[in-house]
Amino acid sequence: MSNTYKSTGSFNYGDLSEIEKDIEDSGLDIKLSHNLDLFKTKRKIDDFIIPNSIASLPMEGGDASEDGKPTELTFRKYERIARGGVGLIWLEAVSVSKEGKSNDKQLWITEENWTDFKKLNDLIKSSAKQEFGEDHNPLTILQLNHSGRYCKVKGKRKPIIATHKKLLDDKLGISKDYHLVTDEYLREVEEDFLQAARLAKKAGFNSVDIKSCHGYLLAELLSAYERGGKYGGKFENRIKLLVDIIDRIREDEYCKGLILSSRLNIYDAVPYPQGWGVNKSSLNPDLNEPKELIKILEDKGVKLISLTMGNPYFIPHINKPYDIGTYTPDESALESCNRLIKGIGEIQKSFPKIHIVGVGYSWFRHMAPYVGAGSLENGLCNIIGFGREGLAYPDFAKDILNDGKMKKNRVCISCSKCSEMKSKIGTCGCVIRDSEVYLPIYNDMKKGEIVKDA
Ligand SMILES: Cc1cc2nc3c(=O)[nH]c(=O)nc-3n(C[C@H](O)[C@H](O)[C@H](O)COP(=O)(O)O)c2cc1C
Ligand code: SF4
């Protein structure tokens, strides 16, 4: 891709026309529109009406108690988001099992604590209603996950892997002879997802997400080309666990009424045969298999999918374009956003009946509404998803819908501090815009590092 105008990692646009020029000069395909009323479009899934076309995306906060319950910080985060006006609240990754947790402070839904999750869902619903009236009912989705190779227990990595992937193994110090989980174990994981979905239903969530992205266990299986047995090798085997879980939940009487959804990678950005959605002879996306899978999911009644790319533990900028990170990407953040928006657009156009939630907008700061409206206007997704923005500026949706703009002094500045916290201590939030709560936690983390280094 050519790089003729300001295409550095940093966001330094004075106004929209400068973004427009950069998009054009760089030969990118990001669409802009001033029709912000498009965000007011309601979306219908079965009997549920999503009140607008803005979603908050899952942001794992590492703020649960040791037994997986939401804590004061969790309740605070979701109350703020609910009062912010988004039509869809896609809650963060919740573990389906003890050993499947990404860290000791990850949410984990169990028979013992599902009522705490009910309190969380009730708080979201009541706060949204208090703020916007009885008719405002945001769709709530609990993201169910098994962290696979990124499991941690008592601060130590305890990878659970289904296949070796040299590039990812090397990063985690996984040796060539590290054991793979058995097919029997994967059957048990299917059971864990079903149990968690039943509890999510009891707790009142409208939907469960069978998470298959960002390198976690189900996503890893999608590219388990080199695994033997029932879950590896050919396409049907690699998608088997995801599809079996969807079937089990769909057919289960305790889950009746739950909307089925998935957060799905369409491109791993890890070379074949270690990555999914990747061209066999280059690192470019190849969306053929992801499309085949989405067709199967559609036939099974899945009507809502949040698409994403990359692996935050491997090449983070693919997944969340940033200004400041742990390395300088070999492309501009604008190009990274373009890959997300364009790739997701290709899928939405191929599956017009599915509500696709898009990503790649937070980096555009206060100009994001025009980029999101451009995507809606051009049918590149039905719902615009924001991740980091939800932490930085939880009432951004209200400002877009009511005032037709986002406030420049409140937006996420893509500084990666929340990601740094997530990877080092699990607990994370916006250090910049929610500094009263998260700056002290960040500073303590930094002090700990200095002590360790001494
Ligand atoms: C701190 C942090 C935590 C995240 N946690 C999750 C998660 O629990 N589940 C998930 O699917 N994605 C997670 N993501 C990815 C976001 O949902 C989103 O895809 C990403 O931040 C890009 O969107 P944005 O540019 O709007 O921030 C996380 C990202 C960050 C920075
Ligand atoms: S810490 Fe705040 S400003 Fe920085 S990337 Fe995270 S959400 Fe954005």
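A residue counts as buried when its relative accessible area is under 20%. Keep that cut-off in mind, because several parts of this predicted model are described by it.

Start with helix H12, which spans residues 368-377. Nine of its 10 residues are buried, so by the cut-off each of the nine has under 20% relative accessible area. The buried set consists of Ala368, Pro369, Tyr370, Val371, Gly372, Ala373, Gly374, Ser375 and Leu376. What do these residues pack against? Three of the partners are helices: H1 (16-25), H11 (333-350) and H14 (396-403). The other partners are strands S1 (43-45) and S12 (383-386). After H12 comes glycine 379. Its phi is positive, near 65°.

One of the buried residues of H12 leads on to the next stop. Leu376 is buried, and Leu376 is also touched by serine 53. Serine 53 sits in the loop between strand S2 (48-50) and strand S3 (54-56). Its relative accessible area is 0%, so serine 53 is buried. Leaving out residues up to four places away in sequence, serine 53 touches Leu38, Phe39, Thr41 and Arg43, among others. Its contacts also include Asn382, Ile383 and Ile384.

Now step back to the whole chain. The domain assignment gives domain 1 (16-418) and domain 2 (419-454). Their C-alpha centres lie 24 Å apart. Where the domains meet, 24 residues of domain 1 are in contact with 18 residues of domain 2.

The shell holds 21 residues. The closest are Pro58, Gln143, Ser362, Gly387 and Arg388. Sorted by class, eight residues of the shell are nonpolar, six are polar and seven are charged. Strand S4 (88-95) and helix H15 (417-425) each supply at least two residues of this shell. H15 gives the most, with three residues.

Look next at the polar atoms around the ligand. Serine 362 has a side-chain N or O atom 2.6 Å from an oxygen atom of ligand 1. Glycine 387 uses its backbone instead: a polar backbone atom there is 2.7 Å from an oxygen atom of the ligand. Lysine 211 faces a nitrogen atom of ligand 1, with a polar side-chain atom 3.2 Å from it. How much of the accessible area of ligand 1 does the protein cover? On its own, the ligand has 610 Å² of accessible area, and the protein covers 97% of that.

Is serine 102 buried or exposed? At 7% relative accessibility, serine 102 counts as buried. Its side chain makes a polar contact of 2.4 Å with the side chain of glutamate 60. Setting aside neighbours within four places in sequence, serine 102 is in contact with Glu60, Ser147, Tyr150, Cys151 and Lys152. Glycine 148 is 46 residues from serine 102 in sequence. In space, their C-alpha atoms are 8.3 Å apart.

Helix H5 (183-202) is the next landmark. Valine 189 has its place in this helix. Its relative accessibility is 1%, so valine 189 counts as buried. Beyond residues up to four places away in sequence, valine 189 touches His146, Leu217 and Leu241. Isoleucine 245 is 56 residues from valine 189 in sequence, yet the two C-alpha atoms are 8.9 Å apart in space.

Follow the chain past H5 to finish. The loop between H5 and strand S8 (207-210) holds asparagine 206. Asparagine 206 is buried, with a relative accessible area of 15%. Which side chain does asparagine 206 join through a polar contact of 2.7 Å? The partner is lysine 125. The side chain of asparagine 206 also reaches a backbone nitrogen, that of threonine 140, at 2.9 Å. Not counting residues up to four places away in sequence, asparagine 206 touches Phe48, Lys125, Pro138, Leu139, Thr140, Gly257, Leu258 and Ile259.

Key:
Residues are numbered from 1 along each chain as its sequence is written. Chains are lettered from A and ligands numbered from 1 in the order in which they are written. This is a predicted model: local features need pLDDT of at least 70, side-chain atom pairs count only at pLDDT 80 or more; totals for chains, interfaces and linings use all residues. Side-chain values use heavy atoms; hydrogens and water are left out. Buried means under 20% relative accessible area, exposed over 50%, partly exposed in between (1.4 Å probe, protein chains only). Helices (H or I, at least four residues) and strands (E, at least two) are DSSP runs, numbered from the N terminus. Contact means heavy atoms within 4.5 Å. A residue is near a molecule or strand if one of its heavy atoms lies within 4 Å of it. A polar contact is a pair of N or O atoms within 3.5 Å; within protein, one must be able to donate a hydrogen and the other to accept it, and residues adjacent in sequence count only if both atoms are side-chain atoms. Accessible areas come from the Shrake-Rupley method with a 1.4 Å probe; for residues, only the protein chains shown count as cover. Ala, Val, Leu, Ile, Met, Phe, Trp, Tyr, Cys and Pro count as nonpolar, Asp, Glu, Lys and Arg as charged, and the others, Gly among them, as polar. Domain bounds come from an automatic or database domain assignment.
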